[in-house]
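I opened the notebook today to look up the overall build of one chain and its meeting with a partner. The structure comes first, and my entries follow.

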Amino acid sequence: MDMSIAGLAELFFYSASMWWVIIPAVVVGILMGAIPGFAAHNTIIMLLPLTLAVDVNIALTFMVALYCASHLGGGIPAILLNIPGTGGAAATTLDGYPMSQQGKASKALALSFVASIMAGLITSGVTLFLLQYLSQVGFYIRSVEMVVVMLFGLALIAAIAAQDMLKGLIAGALGLMLGAMGADHIYATPRGTFGILELFDGVPLVPALIGLFAISEALIMLEKRTIAPEASARAMPTWGETLREILGAFKHWFMMLWSSLLGLIIGVMPGAGASIAAFVAYQQARTYSRTPEKFGTGHEQGVIAPEAANNGVTTGTLVPLLAIGVPGGSTAAVMMVVLQFHGVPFGPRLFVQDPILAYGVIMSMFVAYIFMLVTLFPLTRYLSRITVVANYYMAPMIVAFTLVGAFVPRNFMADLTIAVAFGIIGYIARKTGYNVAAILIGVILGPLLERSFLLSMRISGGDPMIFFSSTIGNILWALLAITLLASPSISLLRKMRRKGDIY
Amino acid sequence: MSDEAPSDRKQVGSDLIIPVLGIAYAIYYVYSVWEFPAEAQRSGFFLAGLLFLLCALFFLRTLLLALRGKAELEFLALLGPPEGRWRRLGFVALIGAYLLTVQTLGFTVSTFSFLFLGSMLGGLKSARRAATFAAIAALAGWLFFIVLLGTRFPLGPFEALMAQVMLLWT
Amino acid sequence: MTRSTIKAPSLLGRRSFLKASGAVAAAAGASSLLMPSSAFAQDFPARNMDIIIPTGEGGGADRDARAFASVWGKHLPTNFQFGYYPGAAGQVGYEFYMSREPDAYSLIFANLGPEVIMLELQDTGISVGEDIVFIQQTLSEPMCVWVGPNSPHRTLEELVEVGRNRPITVAVSRLPHPASIGMLALGEALGIEIVLVPYGGGNPTAMAAITMEVDCAALPITNSIVLGDQSIVLGVFADENVAPDGTDNAPAVNAALGTSIPALTSSRAWGVHRAAYDAHPERVARLVESMQATLADPDYVSAVEGAGVPSVFIDPGDESVAMASAQATIELARRYRDLLTGS
């Protein structure tokens with residue numbers, strides 16, 4: 001599976017010669033990523049007639065570029081409107097939107113774009129060289145280890161609930177309870193669904209996301225004239241200011257590196273995804289920050305960490321498909337359909353029969369991120385204007401168009417009603433100080449945690465000691481314990497230092 | 001995130017809605033899995049228990065506040081500032097009306113009506129501007145979501161008309 | 001939305017890509033503009049066919065339905081729209097299908113084994129024959145038991161030997177599945193304990209076997225053929241292994257272990273509402289005729305092989321064959337009801 005430097009260089013120029021595929025894909029991807037509900041895999045399904053009609057190299061390049069760009073796009077509405085375009089951008093709202101409210105939307109966008117693009121370049125570059133080692137990650141992460149990874153994500157509930165711990169925990173527990181809705185993982189019998197068919201597969205994530213974030217936000221928006229304070233955001237940043245904001249983002253290079261690698265590893269794990277990676281990265285960034293109290297108030301690192309992680313994941317989810325032949329996520333599954341249709345083998349055989357295609361997938365990702373650099377300036381400069389559009393235009397438009405997004409993934413009319421129901425829950429939660437992100441974390445991670453837990457317990461014959469039976473699992477447990485204890489101990493130390501008890 | 005209460009007494013009425021909803025759902029959930037195999041029940045029972053415990057602590061905290069005379073049962077804060085309150089309630093009703101009619105009216109007509117009435121309810125004064133905005137947005141949405149992307153969102157009279165026009169044209 | 005008649009041309013250049021994308025966008029636009037109005041229909045089909053797949057995209061059903069539709073368009077000139085409705089072991093897809101207009105424009109692409117078992121065991125209110133008729137069978141494949149490339153168990157006998165000392169963990173797609181029944185029957189016959197671990201789909205099940213989270217996996221045999229070197233087939237739940245090449249020349253389970261487990265297969269079949277079957281016999285006849293023409297088309301054989309499925313699994317069968325296969329599965333499900341439902 002190894003490739004020489006010369007081979008990689010040749011591949012780079014080959015991928016770059018596909019600019020006429022990558023540029024439209026990047027544009028479509030950013031746009032679709034920014035509309036909740038469309039995301040990469042729904043868009044790719046809609047465009048299947050196109051991708052099945054063209055040569056497999058072109059189709060793959062197009063899909064890969066669109067996939068990466070959609071994760072960059074997902075952060076835009078998260079920052080500007082408090083509405084994550086994809087589940088992976090939910091954590092971005094926590095600090096991105098407060099920045100917009102303070103009139104710093106273009107700065108937040110610059111952070112998000114730089115983090116996304118750098119993470120994409122870092123992880124696709126790393127993957128090109130380390131593909132065969134990365135593919136091994138899947139062999140060590142099984143249901144047992146997944147349980148601990150999910151707990152890392154859930155720990156974020158406690159972190160973002162810091163303002164009122166009890167309310168935050170209630171929000172998280174409510175999310176988990178709602179996440180337990182739907183057919184059970186073993187016998188497939190529907191639970192707590194009110195007999196509604198559309199809930200048999202559990203709470204549909206996109207309508208829940210749209211309701212909790214978009215619809216509730218639209219209702220609250222009507223209380224104000226615009227999102228940003230009118231005076232502060234009237235003036236659009238100049239090109240010079242835009243450049244400074246973009247360059248300023250690079251001072252968080254270490255956070256980008258660490259979060260993107262975290263995203264890459266989580267992406268390689270079967271069944272994990274962008275939302276988990278973003279939650280975990282945010283939680284890690286907050287825990288080891290010198291100023292954890294600033295997270296949630298419009299802190300720059302709170303935008304960097306989730307955006308770097310969710311773009312790191314895009315590279316990771318392709319690794320199992322390429323290296324083992326089993327797709328790691330829904331977008332990879334759709335790519336597999338295209339490969340199958342063209343009669344191209346995947347998994348290790350792909351590297352034997354068509355190594356150019358196999359490495360080409362990762363290289364086109366790398367090249368797509370380079371092309372995204374071009375979009376950086378105009379997007380950063382102009383998009384922030386959205387926050388000064390009058391809310392009487394924005395609120396109805398958000399509701400009307402995100403409801404289409406709620407419908408698209410499953411084509412169920414009931415998903416519109418589900419989105420509105422979650423919208424009302426989200427509205428009440430926001431008005432009364434229950435964190436909607438905490439509810440969403442529960443809804444997303446709850447079912448995944450339950451599945452991994454039940455599978456492990458089945459394998460062990462009901463012996464809970466299985467959770468401590470693997471080395472990697474135990475290391476993860478130890479890290480989890482450190483993470484959970486680190487935050488309170490670090491702040492305790494700081495408090496003591498301030499009081500002069502210790503030096 | 002709570003709205004500031006006008007008096008120094010904390011308004012707690014609306015704070016109770018989420019825990020009460022949560023407990024109601026948890027009770028229904030437990031009831032719905034009561035006769036299921038243990039593996040299908042386990043997580044539900046655990047989560048319901050957790051939610052009960054947390055909500056019990058919350059109710060206790062609220063009760064203690066009330067006993068010290070620091071809380072009042074008040075729900076109006078939930079509806080946001082008094083100014084424009086009825087308009088916002090009207091907007092919620094409009095969303096309900098949209099859900100009820102979208103399947104008959106189809107994407108374009110229902111989106112146009114929703115955007116027109118929604119922007120007026122949101123505070124836009126000029127009906128002409130509202131109509132222009134709604135028409136442009138609905139047509140753009142139709143072109144993008146229905147024609148270009150081919151989503152299967154319900155079609156209505158406008159889409160039928162355009163289909164006839166297309167047939168005549170081709 | 002999917003235009004199945006489009007076949008992959010060889011290396012397209014930039015111009016033809018742009019042309020193709022324009023054409024596809026225009027076709028997509030035009031097709032969505034055309035309102036469903038059977039009143040104006042001169043011929044069937046007057047509009048797109050809706051294909052309901054009760055599992056997720058990228059799974060075996062998706063693969064086989066697309067291979068079929070890629071040739072079907074030649075014999076039934078229309079577009080085929082695919083919709084995926086996974087959930088509750090296929091129940092969501094079937095209930096959603098039943099809610100569709102019974103006009104023979106909506107078809108369900110069934111995996112007769114697991115889905116008929118699900119319909120029998122779960123409280124769906126949908127009954128094979130009374131509500132859905134399977135009008136044409138396309139492929140049949142046996143169930144098999146296999147392990148990942150690094151597994152210490154290299155033969156069925158070695159696996160059974162392990163089972164004499166401790167329970168064997170078996171990754172399956174779901175409990176109501178012929179492969180699950182096969183493993184339970186194996187355990188029953190040899191007196192070993194089988195623990196079924198349902199991963200909720202072919203791909204995660206395969207991953208569990210490859211990473212050795214479990215001792216082995218039991219799935220329809222194509223899953224392991226498609227995986228190539230990543231799987232080693234230990235035994236096939238059939239009278240003989242008809243595809244020895246892609247399956248490591250694995251023996252039939254009964255021949256290797258001296259058991260007498262019934263052959264466990266799953267067949268893909270096209271299903272239609274009973275109401276449509278009764279109300280529009282001419283449409284159903286047109287569908288069946290075009291399906292049979294597809295099955296007889298050499299291009300279909302290439303499409304199946306292109307998707308990595310051995311052509312020996314092409315198993316055309318008319319309504320009587322498909323319904324008989326469903327009936328046999330119903331009886332198996334009744335026999336193993338308790339073990340599969342946890343009751």
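These entries go from the fold of chain A to its interface with chain B.

I note that this is a predicted model, in which local features need pLDDT of at least 70 and side-chain atom pairs count only at pLDDT 80 or more, while totals for chains, interfaces and linings use all residues. Residues are numbered from 1 along each chain as its sequence is written, chains are lettered from A in the order in which they are written, and side-chain values use heavy atoms, without hydrogens and water.

I looked up the secondary structure of chain A and found 23 helices and zero strands, where helices (H or I, at least four residues) and strands (E, at least two) are DSSP runs. Chain A has a radius of gyration of 22 Å, close to the 23 Å of the globule rule for 503 residues, so it is as compact as a globular protein of that length; the radius is taken over C-alpha atoms, and the rule is 2.2 Å times the number of residues to the power 0.38.

I then checked burial, and 69% of the 503 residues in chain A are buried (under 20% relative accessible area, with a 1.4 Å probe and protein chains only).

Turning to the interface, I found 62 residues of chain A in contact with 65 residues of chain B, contact being heavy atoms within 4.5 Å. The two chains bury about 5,700 Å² between them, 77% of it on carbon and sulfur atoms, buried area being the accessible area (1.4 Å probe) lost on being put together, summed over both. In chain A, Met177(A), Tyr392(A) and Tyr393(A) lose the most area to chain B, together 12% of what that side buries.

Definitions and conventions:
Buried means under 20% relative accessible area, exposed over 50%, partly exposed in between (1.4 Å probe, protein chains only).
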